[in-house]
Amino acid sequence: MSKTILTVDDSRAMRDMLKMALSDAGYDVVQAEDGVHGLEVLEGEAPDVIITDINMPRMDGFGFMEAVREDQRLRSVPILVLTTEFSPEKKQRARDAGATGWIVKPFDSEKLITAIRRVAA
Amino acid sequence: MTESTMAAEVIKLPEVLDLNALEALHTELLSKRGVHLELDASAVSGLGAQGLQLLLSASETWRLDQKSFTVSGAGDEFVSAVSMMGVDADVLCLDGEEHE
Amino acid sequence: MDMEEIKQTFFVECEEQLAELESGLLEMEAGEADSETVNAVFRAVHSIKGGAGAFQLEQLVSFAHVFETLLDLIRGDELEASADVVRVLLRAADVLSDLVNAARDGTEADESVWQPMKAELDQFINSNGDTSPSGAESAEDEVPVQDGPDEFGFEPIPISLDMFETEDDEAAGEYTVRFRPTRELFQSASEPLFILRELSGMGMATIECDTSNVPTLDAFDPTASYLGWTITIRGVENKDSLHEPFDFVEDQCELEITAIASGEATGALEEVSEDDLSPPVLEEIVTSPAEIEVEVAADAEMADEPKVQAQVSDAPAKVAEPSKQSANAAPATIRVDLERVDRLINLVGELVVNQAMLSQRVVEAGLTETSSVMMGLDELEQLTREIQDSVMAIRAQPVKTLLQRMSRVVREAADATGKIVRLRTEGESTEIDKTVIERLADPLTHMIRNAVDHGLEMPEKRSKAEKSEEGTIELSAAHRSGRVVIEIKDDGAGINRDKVRSIAVEKGLIGADAQLSDNEIDNLIFLPGFSTATEVSNLSGRGVGMDVVKRSIQALGGRISISSRPGHGSTFTMSLPLTLAVLDGMVVTVGGQTLVVPLTAIVETLKPKNSDVHNMGCDAAVVAVRDSFVPLIEVSEKLAFGEERTNPSDGVIILVETDEGKQNALLVDSIQDQRQVVIKSLEVSYGHIPGVAAATILGDGRVALILDVGELVQHVPGSSLNSDQPMMLEAS
């Protein structure tokens with residue numbers, strides 16, 4: 001059974017790029033447009049990995065991750081954050097919010113898949 | 001001497017051994033102390049470090065209690081995870097091998 | 001889906017982001033912005049930068065990065081968004097837009113514009129770096145080593161001992177990796193199995209697990225971390241690469257990587273060997289750096305961070321917070337290919353025609369008005385109209401982006417002419433057919449530029465006239481009686497009637513002794529050939545006269561007029577149809593043919609008497625209408641329909657008015673009907689016919705040409721331009 005990845009990003013171009021790279025690598029992809037939408041999707045099913053952007057309207061990545069971690073059901077789901085730069089404070093902030101790891105943009109497929117395989121089967 | 005004549009109780013492990021499942025398993029194991037135990041791992045899809053350490057703890061506990069502890073039906077993923085994490089299969093009595 | 005398609009999507013999104021950016025900055029300029037607005041502005045630039053990076057659009061990335069950095073300072077309350085700053089941001093947004101367009105079109109953006117802009121932004125950032133935000137303590141204040149937000153002088157790097165290894169050891173490529181997770185690693189949902197998997201893939205690895213710390217079940221805490229690993233790995237070329245698998249967890253474990261040959265572990269962990277591994281001590285050593293780091297990081301958070309923008313409750317769809325919502329909270333939308341919409345509109349148009357034909361045939365079949373078939377047909381007609389309206393509405397878009405684009409035009413025009421101008425817009429939510437919006441952009445731009453250039457006075461002149469130095473242009477859009485009315489109003493000096501009149505005379509557009517009302521003089525500017533070289537300024541360019549603007553508006557089925565008050569300003573009023581696809585018209589017979597005259601042009605209809613008609617020489621006639629004489633145009637003759645000439649008293653006169661208020665009398669044989677018709681363009685398949693705007697299919701299946709009244713009355717063969725003017729002779 002193939003693994004499912006939830007991607008949360010308000011940019012359609014970014015969602016498309018992620019979907020392309022992840023599908024090629026054999027993952028099933030579920031998408032959401034921002035944190036609020038992401039939580040709605042998560043009510044339906046728990047993915048194997050979550051990839052989320054940080055800067056989104058309605059609910060940003062930090063808020064989203066915090067909400068995810070509050071859900072007992074989802075406490076062990078690895079979450080990767082997408083970001084354009086990652087200073088130590090940003091890393092810590094993401095960490096505090098519940099992130100497992102990060103992917104720096106611009107990413108290539110290889111980096112993306114390596115990051116996923118570092119946190120999930 | 002282990003009382004190998006007694007039938008072992010079986011706990012069927014769930015497919016996903018995440019922290020939630022492990023916490024529940026931990027509680028269940030505690031309640032089963034003192035009997036010969038078999039963990040049926042046939043449904044388990046994967047094993048991680050947290051699962052491994054619980055199994056190791058259980059295995060050691062049962063050894064000290066002088067009751068048998070085996071893990072049966074372990075699939076390929078389970079076995080290779082144990083191996084990748086540098087633990088000998090017989091420490092956990094995989095494949096139902098009893099230990100003294 | 002491939003990268004090219006995704007790139008298209010990216011550029012479409014850029015347009016949306018740029019619109020958000022402009023809109024947010026304008027709110028900031030007007031002092032109406034709150035923190036959500038600032039966040040949205042930041043996100044817009046951040047988004048563009050992120051995507052640009054993925055497509056390796058270097059220039060765009062580097063500019064956007066600086067822009068974003070400045071915006072980040074503002075949203076973090078480290079820099080105040082004063083009026084000066086916002087002005088700079090607005091200019092930066094314009095430059096960003098240019099860079100996006102250049103990237104999309106594959107052209108080079110003007111370096112002489114964006115480089116200096118980037119430098120200007122840099123300056124704001126750097127000059128701000130010297131001043132700490134008042135009141136808020138920043139990380140830099142706490143830690144002795146302060147170079148900027150990214151430097152603690154401290155990195156949570158695992159305490160590795162490689163500095164003591166000899167070169168020989170490194171060359172051997174054999175390493176020992178000791179790895180013991182803390183409970184934090186599991187809390188973050190990391191999994192040592194995958195880390196070990198990645199590590200073992202980097203060479204020949206042997207993995208040993210230290211289980212000595214695992215307690216019995218009664219003392220066991222599932223959330224704790226009891227295992228540690230020692231990995232011996234051979235054949236690794238680059239030692240640093242061994243850190244990669246631990247990238248996410250470096251501060252959540254004890255990690256020690258040593259080259260095997262040296263065997264000596266010196267440094268902070270020297271005294272620690274495998275046997276001595278006592279968790280409490282180790283955790284103390286290793287967690288204390290983590291603690292410091294957390295502490296500092298926590299202080300860095302004291303600057304405002306974007307708050308969670310929605311409460312997650314039982315109803316996650318509910319967004320509940322007081323601050324302004326961006327357009328993303330608006331009703332659900334879907335994207336549709338414009339082609340599909342056009343097809344739908346076409347089909348609906350055919351449906352309307354078909355329904356009309358059906359009605360016609362039923363009538364011809366002689367059914368009575370009250371029969372159930374007729375009633376059914378009435379209902380069908382209602383339904384068809386509703387469908388048509390709904391479908392037209394799909395292509396309708398708010399004019400907001402168009403109006404916003406104008407603010408940039410105003411900015412640039414003001415800069416170029418040295419005037420101080422403020423643009424006020426109203427009616428952003430007014431919806432117009434998308435194609436109309438697109439074709440309005442150029443005419444609006446010209447008119448706005450004109451208003452700034454010619455309408456508004458220089459600041460000094462304004463203050464002398466006791467006006468504020470800042471001129472105002474009001475741009476509004478509204479629905480009025482089934483049409484869209486757009487007004488551009490300036491509070492400038494108004495039309496200089498003497499000058500306009502003399503130019504018109506000079507150019508032979510009017511006779512020297514022609515007597516014109518003020519309003520007629522104002523409307524002279526719409527005449528072809530009016531604008532001259534003397535009108536050229538920095539910005540208006542050559543030959544972009546108001547006549548071109550007028551023709552563009554008329555081509556859209558619209559009208560334009562001007563009214564002006566000297567010293568107070570001018571107002572351009574444009575009225576446009578809601579859609580280009582249908583038209584209300586009067587169906588008439590001309591020389592045996594059926595034509596349609598657009599209702600918008602019609603003033604009234606008359607039944608003339610032969611005595612009302614006066615000949616004015618070769619082929620020119622006028623008809624008396626109340627107190628004045630109006631040029632009479634015999635449509636059948638104008639369109640060369642044949643030899644038969646209509647006797648005025650046998651025909652009907654349709655009095656039409658062009659947008660300048662010029663009246664003409666069209667002589668037709670008879671009036672059939674008034675109805676709404678679907679416009680079918682001839683230009684694509686046939687070409688442009690003077691005097692004909694388009695065609696339609698009537699209920700009986702016949703094709704009828706739709707008159708282009710404006711062209712019709714202009715196109716007077718063999719006569720000079722002068723005779724096109726209303727000859728306001730007093731009736732004797």
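Which residues in α1(A) meet which residues in α1(C)? The legends below begin with that pair of helices. The structure is a predicted model, in which local features need pLDDT of at least 70, side-chain atom pairs count only at pLDDT 80 or more, and totals for chains, interfaces and linings use all residues. Residues are numbered from 1 along each chain as its sequence is written, chains are lettered from A and ligands numbered from 1 in the order in which they are written, and side-chain values use heavy atoms, leaving out hydrogens and water.

**View 1. Helix α1 of chain A packs with helix α1 of chain C.** In α1(A), the residues A:Arg12, A:Ala13, A:Asp16, A:Met17 and A:Met20 meet C:Met3, C:Ile6, C:Thr9, C:Phe10 and C:Glu13 of α1(C), where contact means heavy atoms within 4.5 Å.

**View 2. Helices α14 and α18 pack within chain C.** Here α14 (residues 434-455) and α18 (residues 546-555) have axes 10 Å apart and an angle of about 150°. That makes α14(C) roughly antiparallel to α18(C). Among the residues that meet are C:Leu440 and C:His446 in α14(C), and C:Val549 and C:Ile553 in α18(C).

**View 3. A:Asp53 and A:Lys105 meet in a salt bridge.** The N to O distance is 3.6 Å; a salt bridge is a side-chain nitrogen of Lys or Arg within 4 Å of a carboxyl oxygen of Asp or Glu. A:Asp53 lies in strand β3 (strands are DSSP runs of E, at least two residues) and A:Lys105 in the loop between β5 and α5 of chain A, so the pair ties together parts that are 52 residues apart in sequence. Over all chains, a search of the whole structure finds 36 salt bridges.

**View 4. A cis peptide bond joins A:Lys105 and A:Pro106.** Omega is about -5°, and A:Pro106 is found in the loop between β5 and α5 of chain A. Most peptide bonds are trans.

**View 5. A:Arg58 has a positive phi.** The value is near 65°, in a residue other than glycine. Look for A:Arg58 in the loop between β3 and α3 of chain A.

Note on methods
Axes fitted to C-alpha atoms, helices over the stretch in contact; angles between N-to-C directions. Helix = DSSP H or I, 4+ residues; strand = E, 2+ residues; numbered from the N terminus. Parallel < 35°, antiparallel > 145°, perpendicular 65-115°, else oblique.
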